[in-house]
Structure formats: C-alpha cells, structure tokens
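Please open the structure in your viewer and keep the sequence beside it.

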Amino acid sequence: YQRRVHGTLSECLFFFVMSKSKAQKLHQQMQEKKKAAKGPSEEQMAEIKEAFDMFDADKSGFIDAKEFKTAMRALGFETRKEEVQRMLDEIDKDGSGVIEFHDFFRLMSSKMADRNKHDDILDCFKLFDNDETGKISASNLRRIADELGDPMTDAELQQMIVQADRDGDNLINHEEFLNVFRKFVL
C-alpha cells in the first residue's frame, strides 16, 4: 500500500510541476502502454454487454437512439441530447438509426476509460487534500514534496499555486486541479 501511494503521489506531483510538452509526451506514452496492456476489464465488458442486451429485447443485435441513451444511463453516463446525437452521428454511418453491439461496445469502452481517468485524477486530488478541505494549499504541497524527498522551496510551491489558481483564493480547488491536468496531460 505504501509503495502504491508513494508512486501515485510521485506521479501526481510530477505531472503537476513538469513542463507541458514533457507531460503530454510522457502521458501519451503511458496511455499507449496501458492500451496495449489492457482494454476494458472483464467486469466492464460484462456491464456493457448486459446494458446492450437489456434494451435489445428482440435480440436483433441492434438498438435504436432512444434505447442507446437509456443503455448509456444504465451504465452511469448522463448525457445531453446533443451529445447523444453527436455520438450517434459518429457511429451510425449508414443513417439507419440503429446501433450495432460492436459500435456500442467500442464507444462505451472509450467512455469508461475516460471516466477512469477522471476518477484517477480525483483520487490524486484527494491525496494532496489530506486535510479534506476540498482545496489544496501550499502546506498540502509542502507535505507532498517532503514525503517525496523533493527539496522544493516555498517560492516554487507558491508558484505552483499561482499557476493553477483561477479564482484568486490562493488555493487549488478540484476544478482548478482538473484544469492543470487537462492543460498539461489530458
């Protein structure tokens, strides 16, 4: 457990402070390795199949647009009508108005991977926010740097806060933390 947390903290801090180009390149390499190593888990594959089958009542291997949105909701994805239409346009190349299982599977696998990334970033935020205030302070960053043996100065830590802080409260909230990862990594 200690090694896993230490590794996660190291990775979080590393991405948080490194340059944009280095972070993007490293993240891309990590994502390629992860994709090569594994797709959706067996549990996720079963969930996707179950959601599709639930709405493919006639067992035709197809679901329509309304069933598509409901199946997505069954998998925990609340999407707007416009986003559903965009996804349908992407999948339904022949304009038939129905979605085959393999297209549904591919799309849901991708959405689950995106959700997992968001969850990973949220977990990382929680590691920084050990006092559970919902915000990361300079003292939170100091604790992480000290735990990792990284001799960062107070000025360097404050600069990290300044770069991420958008609302001017001298703290990093969850959305600002996500923005750092979106900007530099995702």
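A residue is called buried if its relative accessible area is under 20%, exposed if over 50%, and partly exposed in between, using a 1.4 Å probe and protein chains only. The model is predicted, so local features need pLDDT of at least 70 and side-chain atom pairs count only at pLDDT 80 or more, while totals for chains, interfaces and linings use all residues. Residues are numbered from 1 along each chain as its sequence is written, and side-chain values use heavy atoms, with hydrogens and water left out.

**First stop: the aromatic rings**

Rings of Phe, Tyr and Trp (its six-membered ring) form a pair if their centres lie within 6.5 Å; planes under 30 degrees apart are stacked, those over 60 are edge-to-face, and the rest are tilted. By this rule there are six aromatic pairs. Select Phe68 and Phe104: their ring centres are 6.0 Å apart and their planes stand at 80 degrees, so this pair is edge-to-face. Phe68 belongs to helix H4 (residues 65-74) and Phe104 to helix H6 (residues 101-128), so the pair ties together parts that are 36 residues apart in sequence. Helices here are DSSP runs of H or I with at least four residues, numbered from the N terminus. Are Phe68 and Phe104 buried or exposed? Both are buried.

Next, select Phe125 and Phe177, another edge-to-face pair, with 5.4 Å from centre to centre and 70 degrees between the planes. This pair links distant parts of the chain, since Phe125 is in helix H6 and Phe177 in helix H9 (residues 174-184), 52 residues apart. Phe125 counts as buried at 5% relative accessibility, and Phe177 is buried at 0%.

Now display Phe52, Phe68, Phe101, Phe104 and Phe105 together; they form one aromatic cluster.

**Second stop: Lys111**

Select Lys111 in helix H6. Is Lys111 buried or exposed? At 16% relative accessibility, Lys111 counts as buried. Its side chain makes a polar contact with the side chain of Glu83 at 3.2 Å. A polar contact is a pair of N or O atoms within 3.5 Å; within protein, one must be able to donate a hydrogen and the other to accept it, and residues adjacent in sequence count only if both atoms are side-chain atoms. Apart from neighbours within four places in sequence, Lys111 is in contact (heavy atoms within 4.5 Å) with Met72, Phe77, Thr79, Glu83 and Met87.

Move to Asn140 in helix H7 (residues 138-147). Asn140 is buried, with a relative accessible area of 3%, and its side chain reaches the backbone oxygen of Phe128 at 3.4 Å.

Which residues of H7 are buried? They are Asn140, Leu141, Ile144 and Ala145. Seen down the axis of H7, these buried residues fall within an arc of 135 degrees, so they line one face of the helix; the arc is that of the directions from the helix axis to the C-beta atoms. An α-helix has 3.6 residues a turn, so residues three or four places apart point the same way.

Terms used:
Helix = DSSP H or I, 4+ residues; strand = E, 2+ residues; numbered from the N terminus.
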